Amino acid sequence: MNLFEETPNWKEKLTPLINQYKGKKHPLDYQNAYQLLVMVVLSAQDSDANINKIAPELFKNFPNMEALAASNAESLIPFISKVRNFATKANWLIEIAKTVKEDKYIPTNLENLTALKGIGRKSANVILRETNQKAEGIIADLHVMRVTPRIGLTDDSKDGIKIEKQLMKILPPEVWNEIGMSISFLGREICRPTNPKCNQCIIQKDCQYPFKII
């Protein structure tokens with residue numbers, strides 16, 4: 001069975017979902033591109049809620065890339081010690097800051113973002129979407145990785161890059177910036193890991209999930 005040949009109209013099927021979440025801000029409570037980049041790095045293998053809690057004090061002491069670049073990991077760690085893998089992330093952030101130097105030099109494309117320490121394709125795609133840059137890929141976070149196989153969009157894979165590449169094959173570039181985040185919000189709000197609220201799902205009629213709650 002060729003999944004991609006059997007589902008040629010996914011852009012049309014997913015349009016209601018995109019319209020529902022289009023432009024909705026990422027759950028990380030950032031105020032600018034610098035804060036977003038730092039919080040995206042910190043949120044890897046941690047929760048957005050936890051990063052939002054530590055952010056105010058962190059950015060009070062490190063308000064911009066210049067302040068972070070002038071510091072060191074030892075000074076940063078007390079402000080991120082409640083974050084998973086904080087020591088590694090502190091070193092990543094200091095290295096990023098020393099590379100970027102100022103907020104205005106934060107990269108605006110996938111290649112330069114992923115060249116920075118601790119920023120993979122998923123993180124870069126989030127930054128590009130939230131800063132209104134041209135999409136070069138599709139956000140494939142843990143929610144997207146869980147939900148897309150249920151819908152019938154992708155294989156059931158634990159590899160975010162594989163999921164992203166499959167989505168990029170079946171969806172046109174003009175929806176890349178919104179579809180990943182839209183599916184992520186669907187996973188956060190409706191298509192939960194257990195007891196998904198299928199009767200509230202806007203794309204229920206096109207979903208392939210075999211255990212729908214009607």
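This is a predicted model: local features need pLDDT of at least 70, side-chain atom pairs count only at pLDDT 80 or more; totals for chains, interfaces and linings use all residues.

My cut-off for a pair was ring centres within 6.5 Å.

Entry, Y21 and F185. I looked up the ring geometry: the centres are 5.4 Å apart and the planes meet at 20°, so I logged the pair as stacked, the label for planes under 30 degrees apart. Next I checked where the two partners sit. Y21 is in helix α2 (residues 10-21) and F185 is in helix α12 (residues 176-189), so this pair ties together parts 164 residues apart in sequence. Buried or exposed, I wondered about Y21? Y21 comes out buried, at 3% relative accessibility. F185 is buried too, with a relative accessible area of 3%.

Entry, Y34 and F59. Here I found an edge-to-face pair, with 5.6 Å from centre to centre and 65° between the planes. Which helices does this pair link? Y34 belongs to helix α3 (residues 33-43) and F59 to helix α4 (residues 48-61), so the parts being tied together are 25 residues apart in sequence. I ran the accessibility for both: Y34 has a relative accessible area of 2% and is buried, and F59 counts as buried at 9%.

Entry, lysines over rings. I went back to F185 and found K24 over its face, at 4.5 Å from the ring centre.

Definitions and conventions
Residues are numbered from 1 along each chain as its sequence is written. Side-chain values use heavy atoms; hydrogens and water are left out. Rings of Phe, Tyr and Trp (its six-membered ring) pair if their centres lie within 6.5 Å; planes under 30 degrees apart count as stacked, over 60 as edge-to-face and the rest as tilted. Helices (H or I, at least four residues) and strands (E, at least two) are DSSP runs, numbered from the N terminus. Buried means under 20% relative accessible area, exposed over 50%, partly exposed in between (1.4 Å probe, protein chains only). A charge sits over a ring if NZ of Lys or CZ of Arg is within 6 Å of the ring centre and within 35 degrees of the ring normal.
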